[in-house]
Every structure is written in structure tokens, then in C-alpha cells.
Amino acid sequence: MKSKIFLFLAALLCFGIVVYSQEPGQTPASTPTGVSASSVDNQGVKNYLLGPGDVIDVRVFGQPDLNAIAEVDSDGNISSLPFLETPIRAKCRTEKEIQKDIATAYSKYIKGPQVSVRITERKSRQPATVFGAVRAPTRLVMVRRVRLNEIVAASGGFTERASGTIQILHTEPVMCPEPGDEAAAAPIDGTKVPFEIVKIQDLKTGKIEANPLIRPGDYIIVTEAEPVYITGSVVNPQGVYMRDQLTLSLAIAMVGGVRKEAKTSDVRIYRQKPGAKDQEMIKVDLAAIKKNQTPDILLQPYDVVEVSEAGMFSAKRLPQTLLSGVSGGFQSMFTAIPTRVLY
């Protein structure tokens, strides 16, 4: 019974294997939401492929003189094991594969050597860095193949300032490419850093091409939106952040809409001319846009939208003006009547 309980707990532990952590040496985080246990098992730490800088702990049962802590050298080999003159190839191989080669090498001196290999430090991969319009900009050390949606989740998700695009800069070649990815393993020219642009909306809707694999050393930049300012006769005058295809009617809706006294036929957009100090003024009939009589206007970063207010004696505000005047007259009349106290 105890053995069954132990196996059950061990299985649960495997499901919680870390896929990445924020800093080397920290306690691993739990498996991200949406990652199946099989994918973690197939691509997780058990199948970690070693590279230069990684450190392994080699133990030979019954032979303490052969125990060693060895580092993978710049050529991708382990060349510091006791009594072994021929280096053991380690780059892009798992610890189990290396363990078999070490046992084979020592079998020339020992009958049936029992060897164990354990990775103690993973230093061959540069961390991926995510920053910009995310809630927790961070550096992530990856021990397996990780996709963009997992990186975004680890950084706390997008903020309201996210503009709609993600830029991914590849600063390191792929160390252990899979079949078909050989081009990604080519050295990177410092003057031509490869990059990808992903639309946030495509990522959210689950498009496969919008969820690429992230390489160690990548810089993931969630671009921040520039503001647009909505002023005048609107419910809540304020700045809003640009989104893809942000139109005038949508921007005004984002600030609560127009007030009752707004002159929707006279909305003005002040836009800075490229390379000039002065602004151009664009007059827009918002009422006509709402009636589908004219097309909506696409806004640009740093536009200032001013919704005019109808005059006091305009047809739109005349009833309110008269009502205010009448009520004000009655109030002043009653205020002028002296108050007398009867005893």
C-alpha cells in the first residue's frame, strides 16, 4: 500500500515539473495553465539537451575516486573525467545518453560499472527577456521549448497600454535545431538581427502562427500604445491608448460618449503634421458617422479630439436654457420677498 502511495505522489510531482523559472536557483514555478502533462513530460527537464557551460555530477557506484563534477566545455564535450582520455560528447544530448557513454568508457577498466549522471547547473541557455506593456517584466530561464503564450502568462499578461503587436528579437542561434530548423542554427549577423512581429489579437484567438517558439536569448517586446486625447463635451474627458484601427466613434465611446449638450455635427481633430510645428485641424460630423452617412475616421497617435458644445440658444439647448431661466427667475422672485415671522 505504501509503495502505491509513493508512486502516486511521484506521478503528481512529475506533472508539476518546472518549465521555466525567473532566476537561476529559484524554486521552480508550477506548470502554466493550458500546458498538458504529456507535453511537459515529452519536452521537460528530463529531456533537457546539454550545452556548453552546463555542469553535471557523475557518480560511479563503488568507485569514489571516479566521482566528479564536470562542466561541458566550449566544444560541447566533457573532457575532465578521471582516467578518461577521450572526451565524451555532451552537446545536444540528454543526461541519460551521456550516462551510457560514460559507463561504456569505464567498462574498459571496471567490470559492469554502474554510473549515474545528474545535471546540477543549466547555464548553456541565455534567458529570454519580456518587457514593455506587461504586468511583470522579467527574465525567464527556459529548460525546454517554450511558446509565446507561456512567456506572456509568466509575465503577468498584457496591460491596458498594449498597442496590439509583439516584437520578438532573436539574439542567439538555436543550439540544438530540430529537423527543418537548421537555418535557425546559423550564426546571427549583429547588423541584421532577425525578428518577428505578432499581433496580440491573433495570439488571443489561438492562431498557430501567432504563437511561435521562443528561443533562449530572445527579447520579447510588447509595444506600448501612444495616447489619443478626447476633450470637450464628453462624459469623461481623458486620454485613451491607441488600438488597431481605432476610430473616432470608438474612441468617444471609450470615454463614455458625448454629453446631451454636445454639438456632434462639429467635432474637431487636431493633428500634428509630420516635420512641422503647426497642427492641422480636421472637422468631422460625428452625427453623420452614426447615421452611416459618412465613413468613420481612423485616429492617429497624439490626435486631440475636441467635441464642441452647442450654444445656449441653439435648437438642441434652447429648452434647457429657457427652463433654467424660468426656474432661476422664480427663484430670484421668491428670494426678493421678505420673510416675516408671526408671533
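The entries below go through strands first, then charged pairs, then rings.

**Entry 1: before starting**

I noted that this is a predicted model.

**Entry 2: strands around β18**

I began with strand β18, which covers residues 304-309. Which strands does β18 pair with, and in what sense? I found that strand β14 (residues 227-232) runs parallel to β18, with four bridges joining the two. Strand β16 (residues 262-272) runs antiparallel to β18, and five bridges hold that pairing.

I then looked up single partners. Gly232 has Val307 of β18 as its bridge partner, and Ile230 stands opposite Val305 in β18. For Ala262, the bridge partner in β18 is Glu309.

**Entry 3: from β14 to β15**

I stayed with β14 and followed the chain onward. A hairpin of five residues leads from β14 to β15. Strand β15 spans residues 238-241 and pairs with β14 in the antiparallel sense, over four bridges. Here Ile230 turned up again: Gln238 in β15 stands opposite Ile230. I wrote both partners of Ile230 side by side, Gln238 in β15 and Val305 in β18.

**Entry 4: salt bridges**

How many salt bridges are there? I got a count of eleven. I reminded myself that side chains of opposite charge can pair when their charged atoms come close.

Arg118 is in strand β6 (residues 115-121) and Asp57 in strand β2 (residues 55-60), so I was looking at distant parts of the chain, 61 residues apart. Is Asp57 buried or exposed? Asp57 is buried, because its relative accessible area of 7% falls under the 20% limit.

Next I looked at Arg145 and Glu178, whose closest N and O atoms are 3.6 Å apart. Arg145 sits in the loop between β8 (138-142) and β9 (146-147), and Glu178 in the loop between β10 (162-169) and β11 (195-199), so this pair ties together parts 33 residues apart in sequence. Arg145 is partly exposed at 31% relative accessible area, and Glu178 is partly exposed at 38%.

Then came Asp202 and Lys207, which meet in a salt bridge at 3.4 Å, N to O. Asp202 counts as partly exposed at 21% relative accessibility, and Lys207 counts as partly exposed at 38%. I also found a network: Asp57, Arg59 and Arg118 are joined by salt bridges that share partners.

**Entry 5: rings**

How many aromatic pairs does the whole structure hold? My search found one. The pair is Phe131 and Tyr219, with ring centres 6.5 Å apart and planes at 80°, so it is edge-to-face. Phe131 belongs to strand β7 (residues 128-132) and Tyr219 to strand β13 (residues 219-224), and the two are 88 residues apart. Phe131 is partly exposed at 32% relative accessibility, and Tyr219 is partly exposed with a relative accessible area of 38%.

My last stop was Tyr48. Which residues lie over the ring of Tyr48? The charged end of Arg122 sits over this ring, 4.9 Å from its centre, and Arg125 lies over the face of Tyr48 at 4.6 Å from the ring centre.

Methods: Residues numbered from 1 in each chain as written. Predicted model: local features only at pLDDT ≥ 70, side-chain atom pairs only at ≥ 80, totals over all residues. Heavy atoms only, no water. Pairing = 2+ DSSP bridges. Salt bridge = Lys/Arg side-chain N within 4 Å of Asp/Glu carboxyl O. Buried < 20%, exposed > 50% of the residue type's maximum accessible area, 1.4 Å probe, protein only. Phe/Tyr/Trp six-rings, centres within 6.5 Å; stacked < 30°, edge-to-face > 60°. Lys NZ or Arg CZ within 6 Å of the ring centre and 35° of its normal.
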